[in-house]
Amino acid sequence: MGVATLWLSIIVLLPLAALAVTSMENGVAGFIDAVTQPAALATLRITVTVSAIVALINVVMGTIVAWVLVRDDFPGKRFVNATIDLPFALPTIVASIVLLALYGPNSPIGIHLNATPAGLVVALTFVTLPFVVRAVQPVLMEVDREVEQAAHSLGAGPWTTFRRVVLPALTPAMISGAGLAFARAIGEYGSVVLIGGNIPHETQVASQYIQQQIEIDRPVNAAAVSVVLLLISFLSLFVLRLWAGRTQRHEEQDA
Amino acid sequence: MTSTTQKRQKPSAGTLILRTIALVYLFVLLAVPIGLILYRTFANGIGPFIDSITTPAAISAFNLSLLLVAIAVPLNVVFGVITSLALVRGRFPGRKLLQAVVDLPFAVSPIVVGVALILLWGRDGWFGGLETLGIKVIYGIPGMALATIFVTLPFVVREVEPVLREIGNDQEQAAATLGANPWQTFWRITLPSIRWGLTYGIVLTVARALGEFGAVIMVSSGFPGVSQTLTLLVHARYIDDHNTYGAYAAATLLMGLAMLTLLLMTLLDRKRSHS
Amino acid sequence: MIDVTDARKYYGDFTALDDVSLSIPAGSLTALLGPSGSGKSTLLRSIAGLETLDAGRVVISGDDVTDVPPQKRGIGFVFQHYAAFKHMTVRDNVAFGLTIRKRPKNEINRKVDELLEIVGLGGLQKRYPAQLSGGQRQRMALARALAVDPQVLLLDEPFGALDAKVRADLRQWLRRLHDEVHVTTVLVTHDQEEALDVADQIAVLNKGRIEQIGAPEDLYERPVNDFVMSFLGSVAKIGPHLVRPHDLRLERALERWSPEERAEMEPSKATVGRVVRLGFEVRVDLLDEAGERLSAEITRRDDERLALKAGDVVYVRPVRALPPEEAFPALAM
């Protein structure tokens, strides 16, 4: 235990402690000052908005993809299933350059998304694709087909059955998948660095802002926004975990 | 992974619509951009690609990436297994906290990792004294190694811990009653039992170590041939050198490594579920 | 032989072993019998060294092993869920202890072959545990434990995870094996039938204490208290008394008992619920006047004579009263 604690402290806790302490170097007022500068507020607003949109897209599309991968059957399904993990395996900078090739200045299809919020959304959707799919897939496999058949036998159509019977079972997984996707999008850097454009007040996300503050030697500003970013990320994971946990408990009580 | 044993029925209209939506989505999001990069890389044959990834800067970037992997993997394996054992077998206050700390790196933005490392190990940081002693952590290899270890720390633990939990300690106790000392028990019983989980964790660690960008760029001086990893090379070629083709070529190389990882993961997944 | 003296073990507030002393003769097969949470497994695991006692000593063959780690106690341990080494073949599993001891190859081979033959797994030595049935896995685990020539063999609910038929076969087989190998054996079980079937000596545990220890017949015939009586064999309750169901006599008329018998104890009235005829034994479910349910076991012959059916009113009385010196308050009739 001692060894494990020491290792985790040196690698993880001490750097984060240094971060937290630095963010408070000029007191609470300094911290608030740092995170309420117009550029900082703007970047946080953009980051959260874009991440929320990305999480929503993931909930809908990720669930559809998971559904097709579990319930549908078509040639090449295994291959499609394997490609879902690609965004996790692919280095983020590669994701960035890949998307830039399609939607950037040299776009072969004439769609230019670089340096636009839409470009951010596409890049973040790309890197967060697996979260919801991989969260929903196993749950969907576990869902008792007989329950659905029972619903059918009671006269429920496919849509009603999905909405009333299947969806409630999937909700916790969808929520936690979306939470992970959101938390990942909040802090993402590599995939947006090339396509995002880094335009303050428009497309500059928090990680880019932090990096910029380090470059112009404002470590306190960088640390303060970093702490806010961490807090948003923890808070979202925490709230979603509570929510998912509550939904699950209801399920178990019903069962 | 999913069952294909059910007999194929004629799909309903709803099924077809959903299938189309899902496949088009994946096609547009994944296949088209990746296909385009591959096309642009290999449009003029394999020669230019080879040339582009064998320049001195590219080779040294490749070597540096491998070096970081070579540092991060053994450390994460040793400490990851110890941490997993502590989490599963240990009975001590604050175990839940330790668990949370292990997962922490997943919730931290790579850029924030970089900033935190700079503030701890940098010239003006808590351990800035090291630099006056001539040990350059930030903007040197040690900083990049620390960043890589930070972001890859959870993988081994995450893969090994559930396996340890599942096998319980019956087998270890049985080995003890048969005369094996703790060291023998570890090598002959525990390690073989977790080998596939551990391998899976190592594969994930390697993939992430090779692919890490944000945390590493923060603590690297970024000099070509000195402190550029493969991912930094992609970035530098595109941004600084305006060498778009070179960036595509390096990205394709990384993508090839990622595909290899994916293949290994799929194979291991099958192995893991069988054992 | 094994001697446990004044053993105590606590898990937080829970007392697993409360001052337990136990002596197990060399070469015997002793069963530790009790409900879950009675401390029987803790006692066995303490003998093995898999648990450390908070107080008390464990002596195996004259050596105090209280502070000796399990690998040096010279024991063989069989776990409820087999604890098979999943990544090793059956052969490697059985050979494990000998390999650890760095015995010569030919000795290991000879010993393993012999044991696999004894446990009837000769043809399956190349298999992995996952390819064996539960019963086969447990026999492999037994061979593995025996391979190191343990001074004592400890079995923790060894047949608990198996289905009824296999369980009965295996315990017969264990008894025969014990008669051949003669290693001092301790078996933990919650199944009284299993304990009565295989053991020379049974220790009944309850709430971390040994209630009674003795030969199976002793415990069945002369239980020291209600707990032992109701844990070993079935019981019927007549008023405040616990009686074996086959020690109950049923009659349609009070006059069937002699005046002396009636003076000693008056039969009570009961209504017949269900009559279950199982071969020679007939079980009669009764409802006494106080509204308590009890079951009596009578012979086929008595059943034919009485011709009982549901709804009949009968009189019920224990066949005999226990001699006073063997009785304790609850059993006094």
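1. The model is a predicted one, and I start where two of its chains meet. Between chain A and chain B there is 1 salt bridge. Polar contacts across this interface, with both residues at pLDDT 80 or more, come to 6 residue pairs.

2. On the side of chain A that touches chain B, at least two residues each come from α1 (2-23), α3, α4, α5 (86-89), α6 (92-103), α7 (117-142), α10 (206-215) and α11 (219-254) of chain A. The largest share of that side belongs to α1(A), with 17 residues. By residue type, the side of chain A that touches chain B is made up of 59 nonpolar, 14 polar and 6 charged residues.

3. How much area do chain A and chain B bury between them? The figure is about 6,800 Å², and 81% of it lies on carbon and sulfur atoms. Chain A brings 79 residues to the contact and chain B brings 74 residues. The size of an interface is often given as the accessible area lost when the parts come together.

4. Over all chains, the structure holds 35 salt bridges. Side chains of opposite charge can pair when their charged atoms come close. The next points take some of these pairs in turn.

5. Asp72(A) and Arg19(B) form a salt bridge in which the closest N and O atoms are 2.6 Å apart. The pair joins two chains, because Asp72(A) sits in the loop between α3 (38-71) and α4 (77-83) of chain A while Arg19(B) belongs to helix α1 (residues 13-42) of chain B. Are the two partners buried or exposed? Asp72(A) has a relative accessible area of 6% and is buried. Arg19(B) is buried as well, at 16%.

6. Within chain C, Asp312(C) forms a salt bridge with Arg252(C), and here the closest N and O atoms are 2.6 Å apart. Asp312(C) is buried, with a relative accessible area of 10%. Arg252(C), at 38% relative accessibility, is partly exposed.

7. A salt bridge also links the side chains of Arg277(C) and Asp303(C), at 2.7 Å from N to O. Arg277(C) is in strand β14 (residues 268-278) of chain C and Asp303(C) is in helix α10 of chain C, so far as sequence goes 26 residues apart; the pair links distant parts of the chain. Arg277(C) is partly exposed, with a relative accessible area of 40%, whereas Asp303(C) is buried at 4%.

8. Which residues of chain C are linked in a network of salt bridges? They are Arg249(C), Glu251(C), Arg256(C), Glu261(C), Asp302(C) and Arg305(C).

9. Chain C has an open sheet of 4 strands with antiparallel pairing, in the order β2-β1-β4-β5. Its edge strands, β2 (14-24) and β5 (63-64) of chain C, each pair on one side only. Strand β1 (residues 2-11) of chain C runs antiparallel to β2(C) and is joined to it by 8 bridges. Ala7(C) has Val20(C) in β2(C) as its bridge partner.

10. Strand β3 (residues 29-33) of chain C is largely enclosed by the rest of the structure, because 5 of its 5 residues are buried. Leu29(C), Ala31(C) and Leu33(C) cover one side, and Thr30(C) and Leu32(C) the other; all are buried. β3(C) pairs in the parallel sense with strand β8 (residues 184-189) of chain C over 5 bridges, and Thr30(C) stands opposite Val186(C) in β8(C). β3(C) also pairs in the parallel sense with strand β9 (residues 201-206) of chain C, over 4 bridges. There, Leu32(C) stands opposite Ala203(C).

11. Helix α1 (residues 40-48) of chain C is also largely enclosed by the rest of the structure, since 8 of its 9 residues are buried. Among them are Lys40(C), Arg45(C) and Ile47(C). Just after α1(C), Gly49(C) takes a positive phi of about 90 degrees.

Conventions. Residues numbered from 1 in each chain as written. Chains lettered and ligands numbered in written order. Predicted model: local features only at pLDDT ≥ 70, side-chain atom pairs only at ≥ 80, totals over all residues. Heavy atoms only, no water. Salt bridge = Lys/Arg side-chain N within 4 Å of Asp/Glu carboxyl O. Buried < 20%, exposed > 50% of the residue type's maximum accessible area, 1.4 Å probe, protein only. Contact = heavy atoms within 4.5 Å. Buried area = accessible area lost by both parts, 1.4 Å probe. Polar contact = N/O pair within 3.5 Å; in protein donor to acceptor, adjacent residues only side chain to side chain. Nonpolar A, V, L, I, M, F, W, Y, C, P; charged D, E, K, R; others polar. Pairing = 2+ DSSP bridges.
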